[in-house]
Amino acid sequence: MATSITTARNAEALRRDERRERLLLFGLSLPALVMVLLVILVPVGWLFWLSLFNDEGVLSTYNYSRMLESKSYVRIFKTTFKVSFLTTLICVLIGYPLAYFLSQLSKRWVTIGLIAVLLPFWTSLLVRTYAWLVVLQRKGLVNEWGMEFGWWETPLRLVHNLNGTLIGMVHIMLPFLVLPLYGSMRSIDVDYLKAAANLGATPTKSFWFVFFPLSLPGLFAGITVVFVLCLGFFVTPAVLGGGKVIMVSMKIETLIDLFFNFGTASALGVVLLVLTLAVLFIAHKLLSLDRVLGSGGGA
Amino acid sequence: MNWLQRPASDTQITHGRRLWLYIIGVLILAFLIIPTLIVIPMSFSQSQYLEFPPRVWGVRWYENYFNSIEWMTATWVSIKAAFWTVLVTTPIATMAAYGLYVSNIRAARFIFVLLITPMMVPVVLIAIGVFFAYTRLSLNNTMVGLVLAHSVLALPMALIVISAGLRSYDMNQERVARSLGASRLKAFLVVTLPQIRFSVVTGALLAFIVSFDEVIVALFISGGDMSTITRSMFLALRDQIDPTIASISTVMILITTVVFLLAQVLGKSKNRES
Amino acid sequence: MGQENALPISIRGVTKTYGEVFALDDVDLDIHSGEFLTLLGPSGSGKTTLLMVLAGFTRPDSGSVSFGDQEVVRMPPHKRDVGMVFQNYALFPHMNVAANIGFPLKLRGIPKDEIRSQVENALTVVQLEGYGDRGVEQLSGGQMQRVALARAIVFKPRILLMDEPLSALDKKLRERMQIELRHLHEQLGMTTVYVTHDQREALTMSDRIAVINDGRLMQLDKPRAIYDHPANPFVANFIGESTLLPVEQHNGVATWDGVPLKLSERDHGVGPLLMLRPERLVFMPKGDDPHFNRFNGTVTEVVYQGESFLVYVRLSGGEEVAVRSVSQHRSLEAAPDIGDSIVLGLHRDETVLVSEA
């Protein structure tokens with residue numbers, strides 16, 4: 001039949017039309033792709049390549065083995081993990097109550113509360129780090145008032161050490177935990193809590209057995225973000241650590257700035273990147289699982 | 001019934017029983033806000049050391065700031081770079097968001113994640129990579145190099161915001177426009193764009209903030225006359241605590257707050273959720 | 001109905017797959033110029049996909065679509081010159097009513113005064129005179145629907161496509177709009193393709209109905225013909241209520257319970273299934289009537305439903321059928337009780353056989 005020839009012929013043309021249209025639309029994302037490729041992927045790949053050469057320009061894993069052997073590098077990684085872990089922990093301890101508080105507010109107050117969280121979030125971290133420097137130093141606000149009120153006698157050492165670094169980093173990272181957690185809490189259907197109350201649960205039990213598990217996806221998302229950001233963090237420990245808290249990112253900067261040692265710096269950077277991706281990967285596995293468990297168990 | 005006895009939720013828990021939560025919440029919020037804001041009054045202290053509250057009020061450190069050629073040049077560099085970053089990032093992010101949203105290719109998801117990578121990779125690694133590349137291309141200490149790097153850093157944020165705006169937009173409107181005779185491009189410009197403009201503007205404003213506040217990459221690739229304000233501040237902080245930084249910080253807080261509030265206001269007039 | 005303002009539509013071999021699934025499976029369909037044709041089917045049947053193929057938003061894997069003499073399957077949507085009304089109206093919120101309606105005219109380069117008068121005309125046709133200045137958010141659901149309609153017809157398209165336009169309206173309004181749309185169609189005369197899952201709506205409004213399921217055309221005919229003579233069990237069950245009883249064949253004659261069925265001289269359909277519609281069954285008095293087929297059974301349930309009531313009867317073979325009677329005083333009084341033995345009757349002219357598939 002003539003018509004069947006026509007329809008068969010159309011199939012080819014239609015397929016071509018479809019492909020052309022898709023490519024055209026996909027091509028809209030090309031400028032962005034090119035930019036990311038040129039500025040991120042190529043240089044980082046280049047660095048990775050560089051890290052595989054030792055000082056004489058011979059292909060080797062020298063840079064990486066040095067990291068494992070040298071005590072100072074090991075210590076830097078330990079410090080980085082320690083700071084990241086402690087920061088994340090404190091953020092969770094402070095951030096969960098805050099997120100819970102915000103999630104229970106009425107519409108009017110929530111706006112104010114969220115602005116209170118978002119404003120520091122968008123203020124330059126350099127400015128905030130500086131603020132802590134000023135506030136925590138020996139002649140700073142905290143010591144001034146503490147001594148005036150007689151809480152302590154000699155000025156506390158709150159900066160240029162781990163304490164100052166932690167305080168500053170917690171302050172920077174807190175919104176990163178609170179925002180996804182708040183989002184997760186806000187989306188918990190109040191009907192679940194009503195059902196729990198109706199079935200006889202006290203407010204405390206209702207919280208631990210219903211609300212808390214349902215808030216876990218947001219919590220894990222926040223923890224992941226905070227931990228990953230802490231691993232690569234630079235400005236705050238550099239300013240508030242006073243040289244005593246050395247994180248991987250700071251070492252990288254020193255290696256380039258003072259020694260122009262791209263080999264070692266690249267290797268460090270690559271390790272940092274791999275660690276970051278590993279944490280993200282694990283979190284992705286956990287999160288997907290938890291999302292399924294959370295919704296399956298709670299429903 | 002006084003306020004404490006009124007129920008705070010449908011499960012009839014009263015405000016009174018929740019008081020401890022309110023107190024903790026307010027305290028933590030104070031922890032977040034106060035350091036950010038405390039710099040402002042401190043910057044108006046006339047003495048050589050920053051005090052709170054300032055014993056003598058004055059604008060000494062502002063004079064220091066505005067009279068210094070280096071500081072003002074750096075400020076101007078940051079503002080220009082942020083401005084250009086917005087001009088570069090916004091259209092590119094909008095095109096990418098729209099193209100990926102509409103094209104329905106399975107690879108679209110993968111590409112989206114790829115475009116988000118600047119946010120995921122540790123910034124210091126990006127910084128030394130770009131520095132390394134720029135050294136070979138003689139792009140260090142240039143506005144072009146700075147804007148290019150900042151645009152890539154700002155892209156993920158703008159892309160996410162604009163994509164979210166597209167998702168909450170009813171694509172049927174564009175289809176209707178096309179059924180009525182408008183080509184895809186025309187339908188996008190006349191019908192879709194006006195309706196996602198709040199997301200686009202928010203994305204633009206966020207791109208501004210990302211560029212303006214950026215420290216680490218600028219630390220490596222901007223220098224001398226092209227040094228950004230953040231780079232200069234960071235270097236000054238590492239050496240000694242110059243109280244001029246307090247006045248610079250206040251100005252930065254002001255700029256950021258204005259941009260941020262703009263984004264909030266524009267965002268709220270379109271959606272109800274922030 | 002003028003031929004100048006309508007085009008026939010010819011659909012040939014249209015197939016659309018999504019992975020393994022056939023959304024449309026080799027569909028052939030001819031739509032007459034100026035007719036009101038409804039694509040009727042359950043969700044996922046492919047009816048909306050077919051409409052989208054006509055509009056140009058979905059590109060089929062293969063096949064041909066023609067408007068009149070012109071092959072349009074490869075034509076982009078904005079060149080097809082068809083009017084379209086979506087389920088959620090899709091009015092442009094950043095334009096007022098007049099701007100919405102004038103939009104297609106503006107695209108066609110029509111001068112401003114012309115646009116204004118044509119917009120006014122369109123508003124009059126949908127009975128919304130003077131609403132031009134209103135903002136979209138000030139309109140009720142029914143009004144939004146009319147504006148969407150006005151926008152779709154203002155540029156005098158010769159084909160109108162509608163995707164479940166009334167499903168968002170409440171029942172009373174929907175029924176009123178069905179009649180209005182029908183009048184509008186008669187007034188303007190354009191070929192209209194209407195998609196719905198509501199069989200009542202299809203029966204009310206259409207010149208012909210195309211029943212679609214699983215991407216395939218199940219039956220194409222006038223409403224009464226589809227209702228009286230469904231081509232297969234799916235159509236029989238989807239349109240109206242029915243119970244399908246398998247009947248035995250003895251020497252080419254259909255029998256029930258050993259007794260040959262009395263059939264009409266006119267078309268009674270062919271097939272191994274007997275279709276029983278609740279409103280066509282009656283309660284037989286004693287005695288033998290030559291025009292009625294008889295079915296013995298016991299009453300299991302009586303359900304009052306307002307304007308009518310149902311009597312459920314279990315037949316001798318164990319099958320359950322329902323008999324629907326109008327709730328008039330007399331019939332209510334005469335209604336049987338649960339447990340009664342009863343004889344149901346089906347007039348030979350209403351006895352219809354349905355083929356397997």
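Author: A residue is buried if 20 or more other C-beta atoms, placed from the backbone, lie within 10 Å of its own; exposed means 12 or fewer, and partly exposed lies in between. This is a predicted model: local features need pLDDT of at least 70, side-chain atom pairs count only at pLDDT 80 or more, and totals for chains, interfaces and linings use all residues. Residues are numbered from 1 along each chain as its sequence is written, with chains lettered from A and ligands numbered from 1 in the order in which they are written.

Reader: What makes α6(B) largely enclosed by the rest of the structure?

Author: Of its 25 residues, 19 are buried, so α6(B) counts as largely enclosed.

Reader: Where does α6(B) bend?

Author: At B:Ala154, by about 35°. The bend is the angle between axes fitted to the seven residues ending there and the seven starting there. A proline, B:Pro156, follows within four residues.

Reader: What makes β6 and β10 of chain C edge strands?

Author: Strands pair if DSSP finds at least two bridges between them. β6(C) and β10(C) each have a single partner strand, so one side of each is left without a neighbour in the sheet. The order is β6-β7-β8-β3-β9-β10 (chain C), with mixed pairing.

Reader: How do you know that β9(C) and β10(C) pair?

Author: They share five bridges, in the antiparallel sense.

Technical notes
Helices (H or I, at least four residues) and strands (E, at least two) are DSSP runs, numbered from the N terminus.
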